[in-house]
Amino acid sequence: MRRCLVVANQTLGSSELFEELRSRQAQDEDTTYCLVVPGTRTSSSAFWSEGQARAHARHALDDALERLHEAGLDATGDVGDEDPVLAVGDVLSHAPFDEIIVSTFPPGVSRWLHRDLPNRLRRRYGLPVTHVAVVPAHAG
């Protein structure tokens with residue numbers, strides 16, 4: 001069984017990520033997915049609380065899991081630390097995975113790419129990392 005850890009936030013509901021996971025499932029039906037959604041602010045407002053960020057992440061996660069289950073994909077998930085590197089590390093400390101899939105907006109738009117997230121995850125955890133870039137209009 002192949003296990004993929006998927007880390008996404010604002011792009012979690014995107015068609016690009018959904019199609020990436022569906023195409024993998026078509027190649028290997030025995031693949032399972034664990035989604036981790038960092039509980040980060042998605043607004044520049046100074047009044048965006050940690051509770052609001054986690055609630056927003058939980059809602060996005062529940063919607064994504066429902067969509068994946070309807071498509072026949074084996075997926076679980078949870079809301080993680082606001083720092084995506086730490087969120088991934090928390091999940092990896094509890095279960096082994098074969099690969100990490102990172103979904104972000106494209107360069108120039110993505111804060112995660114500005115912070116070199118895919119390469120940081122690859123170096124820190126020693127797993128293959130696949131990056132899925134999402135057109136901002138497709139994120140919802």
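Reader: Where do the side chains of Arg 58 and Asp 62 meet, and in what kind of contact?

Author: Side chains of opposite charge can pair when their charged atoms come close. A salt bridge is a side-chain nitrogen of Lys or Arg within 4 Å of a carboxyl oxygen of Asp or Glu. Arg 58 and Asp 62 form one, at 3.6 Å from N to O. Both lie in helix H2, four residues apart, about one turn of the helix. Helices (H or I, at least four residues) and strands (E, at least two) are DSSP runs, numbered from the N terminus.

Reader: What is this model, and how are residues numbered?

Author: This is a predicted model: local features need pLDDT of at least 70, side-chain atom pairs count only at pLDDT 80 or more, and totals for chains, interfaces and linings use all residues. Residues are numbered from 1 along each chain as its sequence is written, and side-chain values use heavy atoms, with hydrogens and water left out.

Reader: Which residue forms a salt bridge with Arg 2?

Author: Glu 99 does, with the closest N and O atoms 3.0 Å apart. This pair links distant parts of the chain: Arg 2 sits in strand E1, Glu 99 in strand E4, 97 residues apart. Glu 99 counts as buried because its relative accessibility is 5%. Arg 2, at 31%, is partly exposed.

Reader: How many salt bridges does a search of the whole structure find?

Author: Eight.

How values were computed
Buried means under 20% relative accessible area, exposed over 50%, partly exposed in between (1.4 Å probe, protein chains only).
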